[in-house]
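Let's take a friendly walk through a protein and look at its salt bridges. Keep the picture open as you read.

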Amino acid sequence: GFSVDQLGETGDTDVLARASIGPDSYVVIIDAKARSDGRLHTLEVCTLQDHLRRNEADYAVVVAGSFAGGKVRRHAEDNGVVLLSVPVLAVWLRLHAAAPLNLDEYRVMFETPGLAEEIPLTVESAAEGREQWAHLLVDLLELIEETYEHGLNQLLPSDQLFAMMVTRMRGVRYPRQQVEEAIALLAHPALGAAKGDASAGMSLAMNRETVARVLRALANGIETVEAESGS
């Protein structure tokens, strides 16, 4: 989701990544280093500071296969530079492919200088939260469909649905507020999977398969509009 410029000219950084998110926008310079043994042993701090000033950037990142310990890590910590190894970058890319997050959530990747030995817990937790929404929607849709199969054809308020989910799952797996937000998502005009609202009660207008198809159609529509505007 970053806006990226590949620079690489003499005296400038390799990649400039911009997170254009209004008042919370930020800019990252990224220097990529290749070494015969795959390990970076020195850090050009003055050069990185110059790149930061030249590009009016907020964060500096150096990407390499791996990093030598001791001096390189201390220099990074003391000068506000993040050391990102290729293996950790690969984990980040796979995580983003499975559960994309927004650019504000990704800011934490650049906020702690020194060696990034793993993906921050806040990023992993946010990704797990995205996946939990999919599970909640499936559980909610299946629960409502089961009530219809058993002849209970009436509006179901969020309080009743929450109590039914607790009983069905033998415990609280989702907070009440999250269940209400899931109902609001199903009833949103962009999706149109449900009628009504959380307080007065809602009824289901689509099955699970159709909900998935509508979401895919929305994604396809967004990509098509982007392609048309780009051309």
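Start at Arg208, which is partly exposed at a relative accessible area of 38%; here buried means under 20%, exposed over 50%, and partly exposed in between, using a 1.4 Å probe and protein chains only. Arg208 belongs to a network in which salt bridges with shared partners join Glu142, Glu146, Arg168 and Arg208. A salt bridge here is a side-chain nitrogen of Lys or Arg within 4 Å of a carboxyl oxygen of Asp or Glu.

Before going further, note that this is a predicted model, where local features need pLDDT of at least 70 and side-chain atom pairs count only at pLDDT 80 or more, while totals for chains, interfaces and linings use all residues. Residues are numbered from 1 along each chain as its sequence is written, and side-chain values use heavy atoms, leaving out hydrogens and water.

Glu142 sits in helix α6 and Arg208 in helix α9 (residues 208-230), so the pair ties together parts 66 residues apart in sequence. Helices are DSSP runs (H or I, at least four residues), as are strands (E, at least two), numbered from the N terminus.

Next, find Arg130, whose salt bridge with Glu105 has its closest N and O atoms 2.8 Å apart. Arg130 lies in helix α6 (residues 121-149) and Glu105 in helix α4 (residues 103-106), so this pair ties together parts 25 residues apart in sequence. Arg130 is partly exposed at 36% relative accessibility, and Glu105 is partly exposed at 23%.
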